[in-house]
Amino acid sequence: MTGHDPLAEEQEHLGRLLDRLEELRRDTRARLDAVLRGTGGTPQARSERESFARLYNSELAAYNAANLGLYFGRLDMEDGEVRRIGRVGLRDDDEDLTTLLLDWRADHSRPFYLATTARPEGAHRRRHLRTIGRRVIGVHDEFLTAPTDGNVPEDHDDVVGESALLETLEQARSGHMTDIVATIQREQDEIIRNPHAGVLVVQGGPGTGKTAVALHRAAYLLYTHRQRLDRSGVLIVGPNARFLDYIARVLPSLGESGVVLRTLGDLYPGVRATGPESLRGEEVKGSEAMVNILKAAVRSRQTAPTDDVEVLVDGHRLVLDPASVRAARGRARMTRRPHNQAREAFATRIVEALTEQYVAALTDPVGQAEDQAWAPRGDGLGDLGDPARPLLDADDRAALKREVEESVEVAEAINKWWPVLQPEQLLAEFLSSRDRITEAAGDYVAEDQDALFRQDGFAFSVADVPLLDELAELLGEDPAADGTEADRAWAEQVRQAEEALEILTGSAVQDIEDDLDPEVLMAYDVVDAESLARRHSADTDLTVADRAGADRTWAFGHVIVDEAQELSAMAWRTLMRRSPNRWMTLVGDVAQTSSPAGIDSWDDALSPYVDDRWVLCELTVNYRTPATVSAVAEALLTEIDPRATSPRPVRQGRHPVEWAETDAASVATVVTERITAVPPERAVAVVLPDHDHDDDNGVDSADGHDSAHRGGAHDSAPANGYPALREAVDSARPGTSVLPLALAKGLEFDVVVVVDPERVLARSPQGLQDLYVGTTRATQRLVLVQTGGFGTLLAGIRDALADGDAEPDNDGLPPSDGATDKREDLTA
Ligand SMILES: Nc1ncnc2c1ncn2[C@@H]1O[C@H](COP(=O)(O)OP(=O)(O)OP(=O)(O)O)[C@@H](O)[C@H]1O
C-alpha cells in the first residue's frame, strides 16, 4: 500500500463505484418500467406487481440518494483486508459478487466508527475521504497501530477521526441538518446500533448529537430489521414543524423515506392544532389528573331524566321513569366498553324495558299494567318472555320490539341520554363551557379552571391533542360510522383482547369511571402477532407511512421521540398508544425542559409504562457550541442543577460571547450592527423571548402553531414586543431567521443573537432552561442583547468570563466587537 498515491488510488475506486451504481440504477429503472407496464392478471398478480414497484422505487431512491458522497471511508485491517465504507452496499457483478462498498450500517463497517489507538478493533489504518461529485479531493489517514513508516499514532481519547470531524463541524450551517455518516463517534455508534428492544433513553446536553443519533438509529434499524419495520413503520416525533423541516432531509439522504415525521400537534388525524395555549393551560392539560376529568366529562353526557318521560310507539303511550333509565345506564357502564360502544347496551335495555311495557299494555287493555307503572324486577329491567302473558307469541313480541326500536321518540330519548359523541365535539363543548368545567373539574382552583376555559372550543392547541386522543379511547368508534371491513375487524380484535386481558388480570367488572389501570392499550399486547401483521399488510397502494400517518390506532414498529423531555404526562399516554410493543428511542435533555408540563426525571415519566425496564445511554461531547460559547451555557446549567455536568465542547471557538446593553429604542440597531457583515452563506438567527402574540413581534410564523404553543399569561414584559426588529433585520441582512425561543429548540445557526435574555429568565419558571436552550444554538458566535441592564446572574456570568476569552481568528466571520470591550454600551 505504501508508495501508492492515495488520491489516485481512491479516485480510481470511486470511479468504479459510481459506474457500478449507475449500472444498478439503470437495471432497477428497467425492472420498474417493466412492472409498471404490466396490466391485468389475478388480484394476487396485481398486488405482487405493486409490491415490486414499491421495492424498486425505494431502491432507486436509495441509489439516487447515495450518489452524493457515496464513498467516504476506508479501513485497512491488520490482516490485510481492505474495507471500503459508504452510503450503500455495492457488489460487483462478477462470479463471486465481490463486495465493492460496505453499507455504513453493516457489521463489518463498525470498526470504522469504533476504532481508536487504545482499541483498534482489528484495524490498522482508518482513512477519511473527501469527495466532490466524481472527484476525490482529499484523504486523511489515521494510524491506529504503529505504522511501518515510523509515523506515531495520533493520541485519541473519545474523538474518532478528529480532523475529519473538526472540518465538518466548522462548515457553515445551511438551515437543514445533514447526515453524519462519515464521522459518527464511538459513543454515538453504540447508541445507533444498540440492540435493546425496549425503551432506550438517550440523555445528552445541547449539541451532543442526540437528534443526529436518533435519525441514524432510525436508518440503522430500518436496515437491520427491514422486513418488520417496512410493514409497521417508524414514527419520529419532533417538537415543532420547523424542527421537522430542519431534520427532514437527513433520512432521505440516507436512502430512507418511509418514516412518518410528526409533531405532537399532528398526532391526532384530522386535527391541526394551531390554537394558542397559556403556560398554565399547558400545565393543567398536561397533568395526568386530566384522565379523570375527561372521564367525568364523558360521564356527564350519560344522563337520565328527573321525571317520567312519555314516548309514543305506534300511537301507544309508554313511560320511562328515571330509575329505569338510570338502571339501563348502570348496565351500559358496567360493560366497561368505551362510551359509543356501550351505548348499544344502554339502548338495548331501554328498548327491552319499553317492549315489556308495550306487551303488558296490549295484553292488559284496561290499563292495569300502566296504572301499576312499569315495575322493575330483579335488576329493574323487566323480562320479555313472561309466560303469564300467553296472548302474544315470540314473533309478536319481536314485532313489537321492532316498533319500539323504530319509534322516533324512543331514538330521540336514547340520543339525549346517551348520545354518540366525537372527541372533537366533546372537548370543544367542554372547554368552552364554564359550567361543564366546574362540573368535571370542580376540585381545581379557579385559576386552573380558567386556564381550561376558552371561548372558541374548537381552537385546538397542541396541549389539546393528547386530550383528544384520550377521549378517542374513552369514547371509542361509533359502531354505525363508516369504516373499512379491516378497521372493524381490527376494532373487534382489540375489544376481544381487552376482554381477554380482563380475564388474565382477574379484574372485576368495573364502572367506566373507576380508576382503571392507565394502560387500557395493554390490550394490544395480547393481540396476537399474526393479526397485527395482517393489519400491517393491508392490500392497498398507499405506503405504510401514508396509512400509518392517517390512522390513530396504528401500532408503529418503532417510535422515536426527540426533545422527549417536553412531553407531558398526557402526551406520554398518547405516544405509548402509538408504540404498543414499547420499542422506542427517546432522546432529550432534562436540563432543557421548557414546558411547565415537561419532565425532570426520565424515571417518573417512564415507570408507569415500563417500570424500570428502560435503558439509559448518555452522550457527553458537545459538537455544536465551541468552548467560548458553552461557557455561558455551563454557568446557566449550574444554576439549573448544580450536580449536572456539561458536555465537553470538541472545539475551542474563536469568538468570545458579546454582551450588549442598550435601550428599547435601539435594539434593532444594535442587533443589525452585529449581523450585517456576516457572510450570506452563514445561518444567522435572532432569537426573541416567547410571547403571547408572536405576530406582533414580527417573528417567523410559517408554522405559527408552535410559536402560539407558548402563552403569555405570565408575561411581565411590555406587550408590544419588537415591532421594528423584523423589518430592520430583513433589510440589513435578508435571510436571517427571527424566531421565538420555543421555535429555536433543536435548531442551530452559525451566529445567534438572543434578545432580552433577562425577559426570558423572568417570563416563566422555566426561564433558565429556556435561556440555556437559546444560548446553545450557536455554532460560532453568540451575542446577548439586553434592553436596560443585565441582572445579577447574567452580569455575574459575563464578569466571570471576561478574562478568559479567546482571540478572534479569520474564519470568514466578522470580528466580534466584544473582543475589544464586551461591556461597552453599544448604543453609545
Ligand atoms: N459525529 C458527528 N459528526 C459530525 N457532526 C456531528 C456529529 N455529531 C453531532 N454533529 C453535529 O452537531 C450538531 C448538533 O447535533 P444535534 O442537533 O443532533 O444535537 P442535539 O444533542 O440534538 O442538540 P439539542 O439538544 O441542542 O437539540 C449538528 O450540527 C450535528 O450535525
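This is a predicted model: local features need pLDDT of at least 70, side-chain atom pairs count only at pLDDT 80 or more; totals for chains, interfaces and linings use all residues.
**Ground rules.** I number residues from 1 along each chain as its sequence is written.

**Overall make-up.** I looked up the secondary structure and found 34 helices and 21 strands, where helices (H or I, at least four residues) and strands (E, at least two) are DSSP runs numbered from the N terminus. Of the 828 residues in the protein, 46% are buried; a residue counts as buried if 20 or more other C-beta atoms lie within 10 Å of its own, as exposed if 12 or fewer do, and as partly exposed in between, with C-beta atoms placed from the backbone. I also noted that, among contacts between residues at least 6 apart in sequence, 78% join residues at least 24 apart, a contact being two C-beta atoms, placed from the backbone, within 7 Å.

**The H1 and H2 pair.** Helix H1 (residues 6-37) packs against helix H2 (residues 43-66) at an angle of about 155°, with the axes 9 Å apart; axes are lines fitted to C-alpha atoms, for helices over the stretch in contact, and angles run from 0 to 180 degrees between N-to-C directions. H1 and H2 are therefore roughly antiparallel, given that angles under 35 degrees count as roughly parallel, over 145 as roughly antiparallel, 65 to 115 as roughly perpendicular and the rest as oblique.

I traced six strands in an open sheet of mixed pairing, in the order E3-E4-E2-E1-E5-E6; two strands pair if DSSP finds at least two bridges between them. Strand E3 (90-91) and E6 stand at the edges with a single partner strand each, so one side of each is left without a neighbour in the sheet. H1 lies across E1, E2, E3, E4, E5 and E6, and runs at about 120° to E6.

Strand E5 (residues 123-132) is mostly covered, as seven of its ten residues are buried. E5 pairs with strand E1 (residues 71-77) in the antiparallel sense over five bridges, and Leu75 has Arg126 in E5 as its bridge partner. E5 is also joined to strand E6 (residues 135-143), again antiparallel, by eight bridges; here His128 is the bridge partner of His140 in E6, and Arg126 stands opposite Glu142 in E6. E5 and E6 form a hairpin with two residues between them, and Gly133 in the turn has a positive phi of about 55°.

I then followed an open sheet of five strands in the order E17-E21-E20-E18-E19, with parallel pairing. Its edge strands are E17 (658-662) and E19 (737-740), each pairing on one side only, and the twist averages 20° from one strand to the next. Strand E18 (residues 684-688) runs parallel to E19 and is joined to it by four bridges, with Val687 partnered by Leu739 in E19. H27 packs on this sheet, touching E17, E18, E20 and E21, and its direction makes about 165° with that of E20.

Helix H27 (residues 667-675) also packs with helix H29 (residues 725-732) at an angle of about 25°, with the axes 9 Å apart, and the two are therefore roughly parallel. By class, the contact of H27 with H29 has eight nonpolar, one polar and no charged residues.

**Leu761.** Last, I checked Leu761, which lies in helix H31 (residues 757-763). Leu761 is partly exposed because it has 19 other C-beta atoms within 10 Å. Not counting residues up to four places away in sequence, Leu761 touches Gly767, Leu768 and Leu771.

Definitions and conventions
Ala, Val, Leu, Ile, Met, Phe, Trp, Tyr, Cys and Pro count as nonpolar, Asp, Glu, Lys and Arg as charged, and the others, Gly among them, as polar.
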